[in-house]
Amino acid sequence: MSEHGPQIPDAVSGTGAAGAATPGSGPAPAEPGAPESRPSMDRLAPLAANAWLRYDVIRRMIPHGVSDVLEVGCGMGAVGVRLAAQFNYLGLEPSPESFAVASRRIALGGRGEVRNVLADELDPAVQFDLVCAFEVLEHIEDDAGALDSWARRVRPGGWLLLSVPAHQSRYAAHDVLAGHFRRYERADLAALLEKAGFSQVESREYGMPLGYLLETARNAVGKRKLAAAPGASMEQRTGASARLLQPKGLLYGGVARYGTAPFRYLQRGFPGVGTGLVVRARLTA
């Protein structure tokens with residue numbers, strides 16, 4: 001077995017970067033000594049403070065028994081490189097700029113694959129135990145259609161794991177800047193998921209209390225940026241959203257990780273209160 005594990009058969013025309021494992025084969029073990037030769041996650045793909053709050057919920061909501069993972073709209077790969085360290089991972093990112101960063105990070109991480117395509121361009125026969133889309137659905141005008149498309153990528157009995165901004169009443173400048181069509185209420189998103197064929201819907205909010213302060217800061221930045229460039233289209237804003245307020249370097253990565261640690265534990269006591277929402281649902285077999 002190579003360092004990257006066995007290759008996923010190409011699901012679209014052309015070839016993707018090597019490094020992903022065949023769906024259904026189980027996670028490819030890392031080679032002895034390999035982690036020490038690779039960059040730390042905080043150096044390779046640092047998470048912003050709010051992303052740490054979100055990731056703390058995401059990682060605890062990944063279902064047991066998952067092997068093959070598809071991430072739709074993986075951005076610059078900060079979460080993807082962490083998922084690729086544990087699962088057979090394929091990420092999809094339509095933005096060329098974000099795709100380039102994600103590809104480099106996944107390659108340096110040593111496992112997984114990223115492709116510059118949409119989910120509908122994959123081979124219809126390719127399905128996954130878990131399909132993820134973090135901070136993606138709110139960018140899509142036809143969100144019900146997107147869920148139907150993602151459901152076709154989930155194996156019967158498999159799972160969908162999403163994160164979205166919570167509560168339409170909190171829609172503000174940062175949402176506009178990032179190209180969000182909406183924010184979500186729990187009940188509304190659960191209804192959409194059930195319509196797409198999912199059941200066992202479970203949701204948790206995050207961000208209490210730090211997320212509220214971070215969102216206030218993002219909205220202040222959003223107001224300034226919108227005033228400076230008021231004519232950008234939704235498509236342009238969505239394409240740039242993965243690169244908004246992204247951290248760089250080991251120092252920031254370490255500060256964000258350890259600075260948010262007490263708030264990550266604190267928010268677990270308030271799963272019904274927050275600025276963001278993580279939802280897990282199972283495709284009816």
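A search of the whole structure, which is a predicted model, finds one aromatic pair, where rings of Phe, Tyr and Trp (its six-membered ring) count as paired if their centres lie within 6.5 Å, with planes under 30 degrees apart called stacked, over 60 edge-to-face and the rest tilted. The partners are Trp 52 and Tyr 55, in an edge-to-face arrangement with 6.1 Å from centre to centre and 75 degrees between the planes. Both residues belong to helix α3, three residues apart, or about one turn of the helix, and both are buried, a term that stands for under 20% relative accessible area, with exposed meaning over 50% and partly exposed in between (1.4 Å probe, protein chains only).

Because the model is predicted, local features need pLDDT of at least 70 and side-chain atom pairs count only at pLDDT 80 or more, whereas totals for chains, interfaces and linings use all residues. Residues are numbered from 1 along each chain as its sequence is written, and side-chain values use heavy atoms, with hydrogens and water left out.

The protein as a whole has 11 helices and seven strands, which are DSSP runs (H or I of at least four residues for helices, E of at least two for strands) numbered from the N terminus. Of its 285 residues, 52% count as buried, and the accessible surface comes to about 12,500 Å², of which 58% belongs to carbon and sulfur atoms; these areas come from the Shrake-Rupley method with a 1.4 Å probe, and for residues only the protein chains shown count as cover. Among contacts (heavy atoms within 4.5 Å) between residues at least 6 apart in sequence, 78% join residues at least 24 apart.

The interior can be followed through its nonpolar cores, each a set of buried Ala, Val, Leu, Ile, Met, Phe, Trp, Tyr and Cys residues joined through side-chain atoms within 4.5 Å. In the largest of them, which has 34 residues, Val 69, Leu 83, Leu 130 and Leu 161 touch the most other members. Helices α3 (49-61), α4 (80-84) and α5 (96-109), together with strands β4 and β5, each supply at least two residues of this core, and α3 gives the most, with seven residues. Leaving aside residues up to four places away in sequence, Leu 130 touches Ile 62, Pro 63, Val 66, Asp 68, Val 69, Leu 70, Trp 159, Leu 160 and Leu 161. Apart from this core lies another, of 32 residues, among them Ala 119, Leu 137, Ala 151 and Tyr 184.

Helix α6 (residues 143-151) has Asp 143, Ala 146, Leu 147, Ser 149, Trp 150 and Ala 151 as its buried residues. What covers them includes β1 (68-72), β4 (128-134), β5 (154-165), α8 (186-195), β6 (198-206) and β7.

Side chains of opposite charge can pair when their charged atoms come close. With a salt bridge defined as a side-chain nitrogen of Lys or Arg within 4 Å of a carboxyl oxygen of Asp or Glu, the count comes to 18. One of them joins Glu 135 to Arg 54, with the closest N and O atoms 3.9 Å apart; Glu 135 lies in the loop between β4 and α6 and Arg 54 in helix α3, so the pair ties together parts that are 81 residues apart in sequence. Arg 54 counts as buried, at 14% relative accessibility.

Asp 56 is buried, with a relative accessible area of 2%, whereas Arg 268 counts as partly exposed at 31% relative accessibility. A further bridge, with closest N and O atoms 3.7 Å apart, is formed by Asp 120 and Arg 152; here Asp 120 lies in the loop between β3 (113-115) and β4, and Arg 152 in the loop between α6 and β5, 32 residues apart. Arg 170, Asp 175, Arg 183, Glu 215 and Arg 218 are linked in a network of salt bridges.

The loop between α11 and β7 also holds Thr 275, which counts as buried at 3% relative accessibility. Among the residues that Thr 275 touches, not counting those up to four places away in sequence, are Asn 50, Pro 165, Tyr 206, Arg 170, Arg 183 and Glu 215.

Phe 270 has its place in the loop between α11 (249-267) and β7 (276-283) as well, and is partly exposed, with a relative accessible area of 35%. Together with Leu 266 and Val 273, Phe 270 forms a nonpolar patch on the surface, with about 220 Å² of accessible area in all. Patches are made of residues with over 30% relative accessible area and no salt bridge, like charges being joined within 9 Å and nonpolar side chains (Val, Leu, Ile, Met, Phe, Trp, Tyr) within 5 Å.
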